[in-house]
Amino acid sequence: MTDFDYIIVGAGSAGSVLAARLSESGTARVLLLEAGDAEPLPLMAVPPAWPALEGTSANWGGHSVPQTAAGDRTVSVPRGRALGGSSTINAMSFMRGHPSSYHGWSYDDLLPYFKRNENLSGIADRDPAIRGMHGPLRVGPAVTRHPLSTAFLEAVTEVGRPVVRDYSSGLREGFGWADLSIADGRRSDAATAYLLPAKDRANLDIRTGVLVHRLLFAGERCTGVEYRAGDGPLTTASAAREVVVSAGAIGSPQLLMLSGIGPAADLRRHGIPVRADVPAVGRNLQDHPLSGVVYEAARTVPPAANNHGEVQGAVRSRDGLDGPDLQIMMVDVPLRRDGLDGPELDRGYTIGVSVMTPHSRGSVRLADARPGSTPLVDPGYYTAPEDLEAMVRGLRIARELGDTTALKDWRSREAQPGDRDLYEYARDNLRPYNHFAGTCRMGDDPGSVVDGELRVRGVTGLRVVDASVMPSLPSGNTNATVYAIAERASDLIAGSGA
Ligand SMILES: Cc1cc2nc3c(=O)[nH]c(=O)nc-3n(C[C@H](O)[C@H](O)[C@H](O)COP(=O)(O)OP(=O)(O)OC[C@H]3O[C@@H](n4cnc5c(N)ncnc54)[C@H](O)[C@@H]3O)c2cc1C
């Protein structure tokens, strides 16, 4: 007799959706295992406080390896460790990418699932044909608007760029009020939207403070997991149907490798017996590089009520592209890397720029064979020179917007980059956008980690469902796409009879 039908590793954006959907029928026995704590931190509910969450127990912490094409500095690699995972510490921008940026599962494949996740009822200008009105996650644009966001949209019009409705659909190019995963002034996250309503189901067992050490196998079949709660003994749990790994773009490849699924030579080097030689595990790591033009304000910038990024734009850096490759946004704080000169928090603002279809690829590799170790994370920022080119073009667009009459009353001076060379500046003032993805890539080719139904190659009874399965990043912030991937995966899993 097995303990459960499904075991889900990781209660993040994806794992929370899966746990709620797979237990919905009341029959399948579901175990959800999460390393983080059961109780949310009070700060999680306070949207403008989100940057402070990086310094709390809800972040796994850790840094990248030195970024050779970006000043040889390391960058922080935040990722959530809590019920709700990264959705509880993220910046709450909520949007889809442009259809041209979806590979593997297309925008149209995901459309019903984007809609199933979100709840925009009561929000004007949202078309129910393409947006969800009844999903568990409440989202919508800023209710209390920051005056810098309003002035920025006037700047957009002044330079002749389009202002669009429903920017977050991913279908519109131009600037607009982005949807935020904020409702009634509080964060909406995977835990509150999916787990809270499901947690008392008799067939759903949620265990927190639990680190999964490895996956267990009988022959080729994944039969369960080995885990430890705090300092307690190693414990096992078995699954009659499937184990689903939803440990995120860093945690999922790490757990596969610790379980013997990955590049054989690397695994042997760490003394891990090889179960399946899948060289692509941990490869193809991607993030959107983030920079921007930082201004010293002519007056005190009022405190934000939302996430510091209410208005955003999807822009093409040049002709001949399939879709927008830049995101340009008003950030109501002076955003820059640690140590870089600039104004105090309430005396500056930023026109942020991110490259949304990066060509650079990096990796996640094991540092050692201990579960819970921080792996070697290399996002490989700017290793593809075209990403740096796109960033520099974006900085020029940001500067044009920043120099407008619409922002004259706010602007004292350009604090960064000032008279610095834009290429040197872009490499120096690089921040992670924390949209890590791609390390368990989905594909039809034998070189991919999971197939088109997210089943891990080389074994049975095992899927990966989270940001790691994306072959490439969508040209929008990732959370909405992760939710949609998990919603679709829950249908595949429930319908597979595996
Ligand atoms: C600081 C920050 C800001 C961001 N801002 C935005 C934003 O504004 N908009 C947006 O769209 N996206 C944003 N993102 C990205 C977005 O939140 C993520 O892409 C998304 O949440 C990833 O979901 P996931 O399910 O793949 O992983 P996660 O949500 O990270 O979930 C993985 C879960 O697995 C658990 N876990 C891992 N390993 C183990 C193990 N061995 N045993 C047990 N549990 C384990 C983790 O604790 C975690 O809870 C941000 C991310 C961060 C970190």
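Keep in mind as you look around that the model is predicted.

Searching the whole structure turns up 3 cavities of 30 Å³ or more. The largest cavity holds about 90 Å³ of space. It has 13 lining residues, and those closest to its centre are Tyr102, His103, Trp105, Met470 and Ile485. If you sort this lining by class, you get 9 nonpolar residues and 4 polar ones, with no charged residue.

Now move to the second largest cavity, with about 70 Å³ of space. Its lining is made up of Met95, Arg96, Gly97, His98, Tyr167, Gly170, Arg172, Ala314, Pro324 and Ser475. By class, 4 of these are nonpolar, 4 are polar and 2 are charged.

Finally, turn to the helices. Two packed helices are described by the angle between their axes and the distance between the axes. Here, helix 1 (residues 13–22) packs with helix 4 (residues 190–198) at an angle of about 25°, and their axes are 9 Å apart. Angles under 35 degrees count as roughly parallel, and helix 1 and helix 4 are therefore roughly parallel to each other. The crossing in which helix 1 passes helix 4 is left-handed.

Definitions and conventions. Residues numbered from 1 in each chain as written. Predicted model: local features only at pLDDT ≥ 70, side-chain atom pairs only at ≥ 80, totals over all residues. Heavy atoms only, no water. 1 Å grid on protein atoms, 1.4 Å probe; cavity = no way out; pocket = protein on both sides within 12 Å on 5 of 7 lines; lining within 4 Å. Points joined across faces, edges and corners; volume = space filled by probe spheres on them. Nonpolar A, V, L, I, M, F, W, Y, C, P; charged D, E, K, R; others polar. Axes fitted to C-alpha atoms, helices over the stretch in contact; angles between N-to-C directions. Helix = DSSP H or I, 4+ residues; strand = E, 2+ residues; numbered from the N terminus. Parallel < 35°, antiparallel > 145°, perpendicular 65-115°, else oblique. Left-handed = near helix turned anticlockwise from the far one by under 90°.
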